[in-house]
Amino acid sequence: MTPVYVVCLVLAAAPALLNAPNVLEEHRDIQQSITYSRYGHTVRLDTLPSARWDDLAQYLADTTPEVLHFAGRGTPDGGPRFVTDDGGEAPVALDGLHRCVTAATANGLHLLVLNACWTAHLAKEFSDVVPAVIGWQAEVADVHARGYARVFHRNLAAGESVAKAHATARMMLDLAGCPSSPTLHTGAGRIPEAHFLIGPEARSVPRQEPLSLRYQQSGAHLRKPRFRPPPPQF
């Protein structure tokens with residue numbers, strides 16, 4: 001039987017620069033969180049390290065993930081930044097990204113996580129296309145972005161809804177004293193409490209053992225034996 005799994009793609013789109021976010025560690029955090037979650041065995045985690053914009057286009061030409069997680073840097077009033085051929089980074093064209101995401105959504109993408117600074121405006125815009133989108137309102141420290149990703153994906157793979165996993169991860173940020181916060185956006189008529197990474201077809205049903213026949217009797221096996229006096233001795 002073909003195994004049932006969902007695909008989560010991590011776009012690790014940051015160059016190897018001193019002040020760049022450690023997106024490979026973020027990918028590792030997500031991988032560890034999913035692996036040790038209740039339904040982690042039903043999730044396939046793909047990654048595009050040092051991702052260029054054409055890496056995403058090529059990947060989506062062959063595979064459609066249910067979850068697309070962008071790990072990198074954003075641009076104020078602009079798009080997420082991808083690695084360039086010279087080892088630097090530059091924001092991607094928003095019109096092209098919108099068309100790319102729209103096509104992926106038509107094929108099964110239902111959650112977009114923009115785990116980068118200043119991406120909340122994009123999350124709101126893309127929520128007209130993708131059922132659920134997450135983005136950050138302002139600048140965020142690398143440690144907090146990674147912490148959010150770790151908790152969010154762990155709870156998703158444990159069977160929680162997008163809304164509950166997001167709320168739990170935000171609570172962790174509050175405890176850590178994070179001054180910024182990610183926001184969850186959904187389109188009109190879409191309910192984040194009804195969005196799950198792990199669908200019913202991937203949730204294992206406990207095997208029901210039939211009752212043994214001797215336990216289906218009328219309780220005769222529970223009666224005490226009748227007292228019979230010993231025979232007389234001569």
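**Spaces, strands and confidence**

The largest cavity has a lining made up of Leu11, Leu56, Leu68, Phe70, Pro80, Phe82, Leu97, Val101, Leu112 and Leu114. This is a predicted model, in which local features need pLDDT of at least 70 and side-chain atom pairs count only at pLDDT 80 or more, while totals for chains, interfaces and linings use all residues. Residues are numbered from 1 along each chain as its sequence is written, and side-chain values use heavy atoms, with hydrogens and water left out.

Q: What makes a space a cavity, and what makes it a pocket?
A: On a 1 Å grid over the protein atoms alone, a cavity is a set of points where a 1.4 Å probe fits but cannot get out; a pocket is an open set with protein on both sides within 12 Å along at least five of seven lines. Lining residues have an atom within 4 Å of a point. The structure holds one cavity of 30 Å³ or more, and about 60 Å³ of space lies in the largest cavity. A volume is the space filled by probe spheres set on the points, which are joined across faces, edges and corners.

Q: What volume does the largest pocket have, and which residues are the closest to its centre?
A: Its volume is about 200 Å³. Of its 17 lining residues, Pro21, Gly72, Arg73, Cys117 and Val140 are the closest to the centre. By class, this lining has ten nonpolar, three polar and four charged residues.

Q: Why are β2 (43–49) and β8 (182–186) called edge strands?
A: The six strands form an open sheet in the order β2-β1-β3-β6-β7-β8, with mixed pairing. Each of β2 and β8 pairs on one side only.

Q: How do you know that β1 (residues 6–13) and β3 pair?
A: Two strands pair if DSSP finds at least two bridges between them. β1 and β3 have six bridges, in the parallel sense, so they meet that rule. Phe70 of β3 is the bridge partner of Leu11.

Q: What is the mean pLDDT of the chain?
A: The mean is 88, and 84% of the residues reach 70 or more; pLDDT is the predictor's confidence in each residue, from 0 to 100. Over residues 213–218 the pLDDT is below 50. Where pLDDT is low, the predicted coordinates should not be read in detail.

Definitions and conventions. Nonpolar A, V, L, I, M, F, W, Y, C, P; charged D, E, K, R; others polar. Helix = DSSP H or I, 4+ residues; strand = E, 2+ residues; numbered from the N terminus. Contact = heavy atoms within 4.5 Å.
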